[in-house]
Amino acid sequence: MDKTVSSNYIQQHLANERTYLAWIRTSIAIIGIGFLMTNIHFTFLSKLSDLADAITTITGIVSIFSGIGIVLFSTYDYIKKTKQIDTQTFKPSKHIVIFLSIIILVLILGFTFYFFLII
């Protein structure tokens with residue numbers, strides 16, 4: 001059996017796959033939280049106020065698009081890191097971390113405004 005360049009760095013490729021799967025789980029969780037918040041609001045608390053409806057809808061939409069963005073970013077980052085591992089030119093990815101941090105902060109603010117409205 002012939003060895004490929006990738007087979008020289010098996011541990012790094014496996015770590016890259018685990019990181020990619022962690023990003024995918026994160027995106028699924030963010031989408032799920034958005035769906036959960038929207039579903040609970042419109043099932044039990046829809047008559048609360050128009051502002052609460054708007055915040056819930058916006059937070060749900062942001063969580064869905066954030067999850068999709070994380071999947072796209074992480075897939076691109078996975079492919080890029082695979083090439084970097086094989087060429088031994090690793091550069092840390094700041095963009096996906098900054099993107100995720102901003103999205104998490106926006107969602108936390110949306111949840112905070114929503115819960116202050118219902119209290």
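This is a predicted model: local features need pLDDT of at least 70, side-chain atom pairs count only at pLDDT 80 or more; totals for chains, interfaces and linings use all residues.

Me: Good to know. On to the rings: how many aromatic pairs are there?
Reply: The count comes to two aromatic pairs. In one of them, the ring centres of Y20 and Y78 lie 5.1 Å apart and the planes make an angle of 40°, so this pair is tilted.

Me: Is Y20 buried, exposed or partly exposed, and what is its relative accessibility?
Reply: Y20 is partly exposed, at 23% relative accessibility. Y78 is partly exposed too, with a relative accessible area of 23%.

Me: OK, what about F73 and F99, how far apart are the centres?
Reply: F73 and F99 are 4.9 Å apart, centre to centre. With 50° between the planes, the F73 and F99 pair is tilted. F73 belongs to helix 2 and F99 to helix 3 (residues 95-118), so the pair ties together parts 26 residues apart in sequence.

Me: What are the accessible areas of those two?
Reply: For F73 the relative accessible area is 33%, which makes F73 partly exposed. F99 is partly exposed at 22%.

Me: Let's switch to charges. How many salt bridges does a search of the whole structure find?
Reply: The search finds two salt bridges. One of them joins K80 and D77, at 3.9 Å from N to O. K81 also forms a salt bridge with D77, and there the closest N and O atoms are 3.1 Å apart.

Me: How are those residues spaced in helix 2?
Reply: K80 and D77 are three residues apart in helix 2, so about one helical turn separates them. K81 and D77 are four residues apart in helix 2, which is about one turn of the helix. Salt bridges with shared partners join D77, K80 and K81 into one network.

Me: Is D77 buried or exposed, and why?
Reply: D77 counts as buried because its relative accessibility is 5%, and the cut-off for buried is under 20%. K81 is buried as well, at 13%. K80 is partly exposed, with 27% relative accessibility.

Me: Last topic, the surface. Which residues make the nonpolar patch?
Reply: The patch is made by L36, I40, F44, L45 and L48, and its area is about 460 Å².

Me: Where does L36 lie?
Reply: L36 lies in helix 1. At 52% relative accessibility, L36 counts as exposed, since exposed means over 50%.

Methods
Residues are numbered from 1 along each chain as its sequence is written. Side-chain values use heavy atoms; hydrogens and water are left out. Rings of Phe, Tyr and Trp (its six-membered ring) pair if their centres lie within 6.5 Å; planes under 30 degrees apart count as stacked, over 60 as edge-to-face and the rest as tilted. Buried means under 20% relative accessible area, exposed over 50%, partly exposed in between (1.4 Å probe, protein chains only). Helices (H or I, at least four residues) and strands (E, at least two) are DSSP runs, numbered from the N terminus. A salt bridge is a side-chain nitrogen of Lys or Arg within 4 Å of a carboxyl oxygen of Asp or Glu. Patches are made of residues with over 30% relative accessible area and no salt bridge: like charges are joined within 9 Å, nonpolar side chains (Val, Leu, Ile, Met, Phe, Trp, Tyr) within 5 Å. Accessible areas come from the Shrake-Rupley method with a 1.4 Å probe; for residues, only the protein chains shown count as cover.
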